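Welcome, and please take a moment to look over the sequence and the model. The paragraphs that follow will lead you from the overall picture to a few single residues.

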Amino acid sequence: MKSRIIFLISFILFFVSVHETLAVCPVCTVAVIGGLGLSRYFGIDDAISGLWVGGLMISLTFWTATWLKKENWKLLILLFYILITYVPLYWAGIIGHPFNQIWGIDKLIFGSVFGAVAFLFGVFLDKKVREIKGKQLFQFQKVVFPFAALVISSLIFYILIK
């Protein structure tokens, strides 16, 4: 219950503070939040939920760095989001359970690392396509690439964990 309240407050504060489209568009972040919420609601494995947590943290890091106009602060901002994500989840008992591990690492943390990498790969792929073609290929490409990277990663994790 505590984690839901913290999530809701964070969600509201985030959208109240945003006034324009920044580094990663709002639709992409909302899609990541929706994916995380749905995976928890349907009881999907924490490693898969973690993918969406990692994607969300990277998205929020890009947004915050752009909003603060401090691009060189990305690592510090990411560490901040890691702390405000993992500490409440640890206190709520979601992270740290000995039977919720994969290769000795908590499934949520394990998934979030891969989710962050997948999200970054989607952002990189979008930029590379724009660089090669000189334009975007279709509407909302900036949203579709990172979101698709998380969806594909989720399917791969689902197959491997099943």
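Helices (H or I, at least four residues) and strands (E, at least two) are DSSP runs, numbered from the N terminus. By that rule, tryptophan 103 is found in the loop between strand S1 (101–102) and S2, and we will return to this residue at the end. Please keep in mind that this is a predicted model, in which local features need pLDDT of at least 70 and side-chain atom pairs count only at pLDDT 80 or more, while totals for chains, interfaces and linings use all residues. Residues are numbered from 1 along each chain as its sequence is written, and side-chain values use heavy atoms, with hydrogens and water left out.

Let us start with the whole protein. Its secondary structure comes to 6 helices and 2 strands, and along the sequence these follow the pattern α-α-α-α-β-β-α-α. Of the 162 residues, 40% count as buried, where buried means under 20% relative accessible area, exposed over 50%, and partly exposed in between (1.4 Å probe, protein chains only). The protein exposes about 10000 Å², and carbon and sulfur atoms supply 73% of this area; such areas come from the Shrake-Rupley method with a 1.4 Å probe, and for residues only the protein chains shown count as cover. Contact means heavy atoms within 4.5 Å. Among contacts between residues at least 6 apart in sequence, 63% join residues at least 24 apart.

Now turn to the helices. Two packed helices are described by the angle between their axes and the distance between the axes. Axes are lines fitted to C-alpha atoms, for helices over the stretch in contact, and angles run from 0 to 180 degrees between N-to-C directions. Angles under 35 degrees count as roughly parallel, over 145 as roughly antiparallel, 65 to 115 as roughly perpendicular and the rest as oblique.

How do helix H3 and helix H4 pack? Helix H3 (residues 46–67) and helix H4 (residues 74–91) pack at an angle of about 135°, with their axes 9 Å apart, and H3 and H4 are therefore oblique to each other. Residues of H3 that meet H4 include Val53, Met57 and Phe62, and those on the H4 side include Ile77, Leu78 and Tyr81. The residues of this contact divide into 11 nonpolar, 3 polar and 1 charged. Here Ala, Val, Leu, Ile, Met, Phe, Trp, Tyr, Cys and Pro count as nonpolar, Asp, Glu, Lys and Arg as charged, and the others, Gly among them, as polar.

H3 has another partner to look at. The axes of H3 and helix H6 (residues 141–161) come within 9 Å and cross at roughly 160°, so H3 and H6 are roughly antiparallel to each other. Among the residues that meet are Leu51 and Trp52 in H3, and Phe147, Val151 and Phe157 in H6. This contact of H3 with H6 divides into 10 nonpolar, 3 polar and no charged residues. Valine 151, which lies in helix H6, counts as partly exposed because its relative accessibility is 30%. Valine 151 and alanine 118 are 33 residues apart in sequence and 9.4 Å apart in space, C-alpha to C-alpha.

Finally, visit the strands. Aspartate 106 is found in strand S2 (residues 105–106). Is aspartate 106 buried or exposed? At 8% relative accessibility, aspartate 106 counts as buried. Not counting residues up to four places away in sequence, aspartate 106 touches Ile94, Ile95, Gly96, His97, Asn100 and Gln101. Phi of tryptophan 103 is near 55°, a positive value in a residue other than glycine.
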